[in-house]
Amino acid sequence: MLKHRVCAVFFVCGVLSAALADSDDYQIKVDVVQQGDVFQTQASFYLPLNACQSYRYITDYDAATNIPGVVTSTTTRLDARKVRVERVLQERILFFPINMRMVLEVNELPNQGTDFVQISGQAKSYKGTWRLHTDATGTLFKYRTESEPDSIFPKAVVEYFVKNRLKTSFEAMAKTGAARIKQPC
């Protein structure tokens, strides 16, 4: 089925239909390089959050439903520093509606970031990291992934979609995260 053939990398942060923030506000950078069938993504954004606020933000997995494109996000704690996150995502590629399910296993590194790997879902492989780099005025969020899509779409269509849609996802994440500036730790 078409809905089972799209790479999870498009959606890890939630895919949006429109840009929600000016990328200059959050120093957003997104770089996607394709090597064979594997997409390597590096992205970052900067928020005026302290280390505790930043870590709480990236580990609030179920709050992803506040980002358009993420229909559900359910977290199951496996132990003190490991969770399983199941997400259902919805997007359109060309004119085709895509519904996708993914299950990630996430290892948490308190106040440093997370490591994650897809244990089931529509991508052939998907793994990555979030790292937090805090200074006196805020935190730089760094994201890196390697993914291999399982897609019936031509590679050029997948590459265009990845490169153009991921930036709006990170813009939405940055805007949502910035709204947490007044949340106590």
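Colleague: Which residues is E86 in contact with, leaving aside its neighbours within four places in sequence?

Modeller: They are T72, S73, T74, R101, M102 and V103. Contact here means heavy atoms within 4.5 Å. Before we go on: this is a predicted model, where local features need pLDDT of at least 70 and side-chain atom pairs count only at pLDDT 80 or more, while totals for chains, interfaces and linings use all residues. Residues are numbered from 1 along each chain as its sequence is written, and side-chain values use heavy atoms, with hydrogens and water left out.

Colleague: What makes E86 and R101 a polar contact?

Modeller: Their side chains come to 2.9 Å. The definition asks for a pair of N or O atoms within 3.5 Å; within protein, one must be able to donate a hydrogen and the other to accept it, and residues adjacent in sequence count only if both atoms are side-chain atoms. As for M102, its C-alpha atom is 5.8 Å from that of E86, though the two are 16 residues apart along the chain.

Colleague: Where does E86 sit, and why is it called partly exposed?

Modeller: E86 is in strand β4, residues 82–93. Helices (H or I, at least four residues) and strands (E, at least two) are DSSP runs, numbered from the N terminus. The relative accessible area of E86 is 33%. Buried means under 20%, exposed over 50%, and partly exposed in between (1.4 Å probe, protein chains only), so E86 lands in the partly exposed class.

Colleague: How many helices and strands does the chain have?

Modeller: Two helices and eight strands, in the order β-β-α-β-β-β-β-β-β-α. Buried residues make up 45% of the 185 residues. Of the contacts between residues at least 6 apart in sequence, 59% join residues at least 24 apart.

Colleague: How do you know that C52 and C185 form a disulfide?

Modeller: By the S to S distance, which is 2.1 Å. A disulfide is a pair of cysteine sulfur atoms within 2.5 Å, and this pair meets that. The structure holds one disulfide. Because C52 lies in helix α1 and C185 in the segment after α2 (155–178), the pair ties together parts that are 133 residues apart in sequence.

Colleague: Why is the disulfide of C52 and C185 called left-handed?

Modeller: The torsion about its S-S bond is about -110 degrees, so it gets that label. Both cysteines are partly exposed: C52 has 28% relative accessibility, and C185 has 47%.

Colleague: What caps the N-terminal end of α1?

Modeller: That's N50, with a side-chain oxygen 3.0 Å from the backbone nitrogen of C52. Within helix α1 (residues 51–58), the buried residues are Q53, S54, Y55, Y57 and I58.

Colleague: What makes Q27 stand out in its backbone?

Modeller: Q27 isn't a glycine, yet its phi is positive, about 55 degrees. Most residues other than glycine have a negative phi. Q27 is found in the segment before β1 (29–35), and at 46% relative accessibility it counts as partly exposed.

Colleague: And what is the phi of N111, and where is that residue?

Modeller: N111 has a positive phi of about 60 degrees, and it isn't a glycine either. You'll find N111 in the loop between β5 (96–109) and β6 (113–121). Its relative accessible area is 43%, so N111 is partly exposed.
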